[in-house]
Amino acid sequence: MSTYKPVTHVIFDMDGLLLDTERIYMQAAEIIAAEYGKTFTWEMQTQIMGLAATEDAKYNIETNQLPLTVDKYLEKVNSVCNQLFPNAEKLPGAEKLVFHLHKHNIPIAIASGGAQDSFELKTTNHKELMSKFSHVVLASTDPEVKNGKPAPDVFLVCANRFPDTPKPEQCLVFEDAPNGVAAGVAAGMQVVMVPDPRMKEDMTKGATQVLKSLEDFKPELYGLPPYDA
């Protein structure tokens, strides 16, 4: 018997799932750490993926004992990232899946840990892709999202903004980060995880399904329309 349950709505994370932006965040963190003779590692990146900006900054400052305030750290991050975000590329399978669900009138939305200003930069060259989504909830700047991932708030707020306000169990979440998976599970939703290939297997626990790429997703497993043959 299948462990997957039918859903009616789909919620996507964005960074590292739809767009290749996690590497940009990591690049910025590496540059800032190096300024102070410190290093920023992939293991550290896995701890902050999906977090709201202020939590991300606090972790990096504390872990590397950087002589910076949260605001100053974010200022430095933004100066690097804002130059690179407009060049962010779509990840494999993202456009195909989003366009497919939209074509079949499946309500879809984005729930991200990011902020409004960076969202605009990241999506500079992806307006058509973004136009397919019902709405976007950004944890770092949305006043209704009291707590960022791994708390469930961003997904619950996102679900509530669909016109028909589906129950959590009617929503399927797509995530790439452990914090995001934890948030989706805490919200009472099924979660498909597409982790970075460097992610250790024990950091993918909790997800309903783990895929190497969005290209491997089979919509019909969750009661969604299958891809055209």
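Isoleucine 11 stands opposite alanine 109 in strand E2. Helices (H or I, at least four residues) and strands (E, at least two) are DSSP runs, numbered from the N terminus. This is a predicted model, in which local features need pLDDT of at least 70 and side-chain atom pairs count only at pLDDT 80 or more, while totals for chains, interfaces and linings use all residues. Residues are numbered from 1 along each chain as its sequence is written, and side-chain values use heavy atoms, with hydrogens and water left out.

Let's look at the neighbours of E2. Strand E1 (residues 9–12) pairs with E2 in the parallel sense over 3 bridges; two strands pair if DSSP finds at least two bridges between them. Here valine 10 has isoleucine 108 of E2 as its bridge partner. E2 also pairs with strand E3 (residues 136–138), again in the parallel sense over 3 bridges, and there serine 112 has leucine 138 as its partner.

Now step back to the whole sheet. It is an open sheet of 6 strands, in the order E3-E2-E1-E4-E5-E6, with parallel pairing. E3 and strand E6 (209–210) stand at the edges with a single partner strand each, so one side of each has no neighbour in the sheet.

How well covered is strand E2 (residues 108–112)? In E2, 5 of its 5 residues are buried, meaning under 20% relative accessible area, with exposed over 50% and partly exposed in between (1.4 Å probe, protein chains only). In a regular strand the side chains alternate between the two faces of the sheet. Ile108, Ile110 and Ser112 lie on one side of E2, Ala109 and Ala111 on the other, and all are buried.

Helices come next. Helix H9 (residues 178–186) lies across E4 and strand E5 (190–193), running at about 165° to E5. Axes are lines fitted to C-alpha atoms, for helices over the stretch in contact, and angles run from 0 to 180 degrees between N-to-C directions.

Finally, meet a helix pair. The axes of helix H1 (residues 22–35) and helix H4 (residues 70–84) come within 9 Å and cross at roughly 135°. That makes H1 oblique to H4, because angles under 35 degrees count as roughly parallel, over 145 as roughly antiparallel, 65 to 115 as roughly perpendicular and the rest as oblique. Residues of H1, including Ile24, Ile31 and Ile32, meet residues of H4, among them Val77, Val80 and Leu84; contact means heavy atoms within 4.5 Å.
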